[in-house]
Every structure is written in C-alpha cells, then in structure tokens.
Amino acid sequence: MPSVISFREATKVYSSSHLGRTTKKIGLVDFSLEVEKGEAFGLLGLNGSGKTTTFKLALGLLALNSGTVKVFDSPPSTRAFYSRVGYVPELPYFQSFLTVESCLKFYGRLSGLSNSEIKTNLERVLWETGLVAHKEKRISELSKGLSQRVALAQATIHNPDLLILDEPMSGLDPLAIRDLREYLFRLLEDGKTIFISSHSIFEIEKLCHRVGVLKEGRLIRVLKRKDWTGSPGGLEERFTEIVQNDHLTGALPKTSPR
Amino acid sequence: MKKIWILAVDSFLENIWNRIFVLVAIFGGLLIYASLLFGVLAVEQELRVLMDSGLALIEMVTLIAGIYFSATLFLKEIETKTIYLVLSRPLSRLEYLLGRVFGLILSLLFIMVSMSFIHLILLFVHHWSWQNSYLWALAGIFLKALMLIAAAVFFSLFSTSTIAAIVFSGSLWILGNFTQEIRFLTQKESGLTAILSRILLFLFPHFEVLNWRGGFHEAKVLMGASYAALYFSIFLALSWLIFRAKEF
C-alpha cells in the first residue's frame, strides 16, 4: 500500500519568549509514521501528548524543527495538496450569521469548486451528513451535534482523498456519534484515508485499522487491529497498559533543532 | 483573485452582522445629530459648524472602527480556529491576507457612506448647496483609514492580545495627527535623540497631507494619495512577510 502521510524523525519544539526569557515546550520528538492509502489511522494520547501538533504539521500549519513530513509525496504546502485534504479541527467555529447551506458554499468556493460542482457536491454532503432538513438554519441555531456535522460536511464538500479529524466526536451524544461513525465507514468504503484522534477509545477501536499511542510528544507504540481484537479489555486496556508502563519522560532532542 | 473576493465579501458580511458594527453606525448617527445642535448654538456659522463637526465625527468613527476591526481580525480568527478551516484550503496566505484586508476596506467604505448619507441629509435640510470639496474631504478620510488599517493589521500579527494591537494602532493615529508638532520638537534635539526622533517621525503617518477639506488641488491630492498608497503598501508587505511564516 502506498503511503499517504509520511513523517520521518519529525521534531517540533515550541518556543516562546517573555521578558527576554525563552521557554521551550515539546510538540513532537523523533516522530516517524507512515499512514497508508485507504486506512483509518487513529492517534491516542493524553492531553498535550502531541495529537493536534501532528495534525497541524501534516497540514503545513506548523513548521518542523527537524525531520520531514510528506503528504501525497510532497511537503504539505501546495495547492494540489490542499485540494486533496479535508480538515476538522477540535471544536470548530463557523460564522453564526451564515446558514448551513451558505457556509458549505463558502468553503466549497474556497476549495476551488465551480458553481455546478458546488451544487452537486452540496446535495451529496447534505444528504450524507443528515443536514438536508437543516440547510436553511443559521449556524447560531444549531446544536453541538449538528455543528459537528457541518464541520464534517465542510471537510468533505470537495471530495478529498484524505481526512484529518481532530476529536470529531467531542461533545456529541450517542446517536450523533453513531451517525458520524457510519459516515466515516462509508468514506472508508469509498477509498478515503482517515487520520483521526479521539479520547473515545471505543470509537477508535471500532473504526481504525491501526492506532498510534502518543506520550509527551513521542510515538511510543503502533498497534494493529489484531493487537487489540483478541486481547481482554480491548484497545482501552492495551492503551492504559502502554501509557502506564512507559517511563521515558519527554525531553528535548539532543540534536539542536533547526 | 476570485478567492480574495470571496474572503473579502465574507469579512464584509460578518462585519455587517456584527452588533458592534451596528453600534458604530448608530454612534455615528447620534454624533452627527449632536453636531446639528452645535449648529443651532452657532447661529451665524451654523452650516460651517455642521459641516466641520460632521466631517470630524465621520473621520473619528471611521478610524476607530478601522483600528478595532483590524486589530481583532486575525486574533479573533485564531481564537475561534476559523483560520485553520480557511488555511487548509487551496489558497495562498497572500490571498488570505488580501481577502481579509479588502473585506475591512469594504466595511469601512460602508460605514463612511452610511454616515455621510446622514450628514448630507442634515446639510441639505439646512439649505446647503453641493460642493465637490465634500467628496475630497471624504477621500482624504478614507485614505487615512487605509493607512491606519494597514498599520493595525501589521501590529495585530505580532501582538498576542487585542488590547496591545489597539493601543499600538491608536497611538499611531494620535501621533499621526501631531507630526508637525513632533517635527518642530525634533528640530530642537541633537545627536542620537535627534536621529531616533527623525526615524520615528518617518514611521508615523503624516495625516496632514490628507486634509483635503479645502477642495481639489492637483499637486496636493497627487502627493497625498501617493504617500497614502506607499504607506499602505509598505505595511501590507511587512504584514505579509510576517504572515507567510506565521505558525497557527
């Protein structure tokens, strides 16, 4: 299987200065990972373990200090790359004055779709995300679950090959989570690649082919589905065991970052 | 170009929707109404007072709105994460920057046109007859606003708080109205202080070259417009240099 995302010894250190004093904080350390075409890869980790940093690096929103990241065999900065990726940040905000339909049209236009493509794709994503009945509602009128559906719809309106989803189940009720899961399964059936993080281990367990466990910026283990399907306690037990038994603390890399 | 326009219209509509924008428009209307009262007090010079105070208030409201919208533009988008949804699309950071800035310009034009409309009604009610100098005065105010929003956007890109960006931009506005006085003071200085003062003076916007209430004077207008365009372009270019390397 060809790789869609490829991290090689990627290191990201955040630096901030205040009153002449520079503070450094680890984002990712020597992170290497290949995400294959058509797979659902989940990132699990405690808060601040580097999940969002990984996604932002894959999207070109952050720059690496050392190492490389390639998505579709090129650095994540070209227009061609952004045409092929859909992103849902954690707790996204949409302009409250827009209706669901106008919001999706806005993101469709920014993705470079023509008017006829927007019309066709809009109907598709509204139907797929269950937003048809809500398309004329303003964003300000939507519940959290419906807003999350809008987030997914904007990420898929341009029919991307890769979806990067940062905590897409955050704050959703059980029915909304089930709908979202079914939608993601349909996308996988269509051959899309999904790179996802969630605190809901149960959902990651159901959806993902492989899971990476992050701790303090380090990828400490990559698990395949077979690693948790047969084990008692499933993925949750494996995750807890891995995180608790890892005693290496995050440290700044010895090589000085670029 | 198409994406710049899409973003500009989006910013414009958001500002229209924003209650603060409505408040500013009401504020402008009320102040112009107050200028009518000043006119009543100055019976002999009623029209002149109405004209001058109205234009001064239009300028003040436009520039305050310009500073506020520019200083909050990117910080708000970063805070709400809207910027991630836009920058993860096939568009360059330059397109994004220009789109948002042109959206601001459209918003300020809308504010100015709305307030001028109210002002003109008041003037015509007082039997004022049309003079082209009114349009030149508005053009001067608009160019001042352009200079100020370019500077405010620049400050907002390296400020971590909205208040800091507003304070920087507001100070620039105040200093820009006193450049002649500052120049006079720098002439009295010597040595390193004089050099530093002159450098700072060069950076301040020289708003006096855009005071066109006296009407159209070709050389003055050409020089003022060129100066404003250059100032706007330099700050926008500096903003782009910061923005293209900025991490989110």
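The crossing of H5(B) and H6(B) is right-handed, a crossing being left-handed if the near helix is turned anticlockwise from the far one by less than a right angle, and right-handed if clockwise. On the H5(B) side the contact is made by B:Val101, B:Leu104, B:Ile105, B:Leu108, B:Met112 and B:Ser116; H6(B) contributes residues including B:Leu138, B:Phe142, B:Ala145 and B:Val153. Two residues are in contact if their C-beta atoms, placed from the backbone, lie within 7 Å. This is a predicted model, in which local features need pLDDT of at least 70 and side-chain atom pairs count only at pLDDT 80 or more, while totals for chains, interfaces and linings use all residues. Residues are numbered from 1 along each chain as its sequence is written, and chains are lettered from A and ligands numbered from 1 in the order in which they are written.

Two packed helices are described by the angle between their axes and the distance between the axes. For H5 (residues 93-125) and H6 (residues 133-158) of chain B, the angle is about 145° and the axes are 11 Å apart. Axes are lines fitted to C-alpha atoms, for helices over the stretch in contact, and angles run from 0 to 180 degrees between N-to-C directions.

Chain B as a whole has 10 helices and zero strands. Helices (H or I, at least four residues) and strands (E, at least two) are DSSP runs, numbered from the N terminus. Of contacts in chain B between residues at least 6 apart in sequence, 81% join residues at least 24 apart.

Strands pair if DSSP finds at least two bridges between them. S3(A), residues 40-45, runs parallel to S7(A) and is joined to it by four bridges, with A:Leu43 opposite A:Ser197. S6(A), residues 162-166, is also parallel to S7(A), with five bridges; here A:Asp166 is the partner of A:Ser197.
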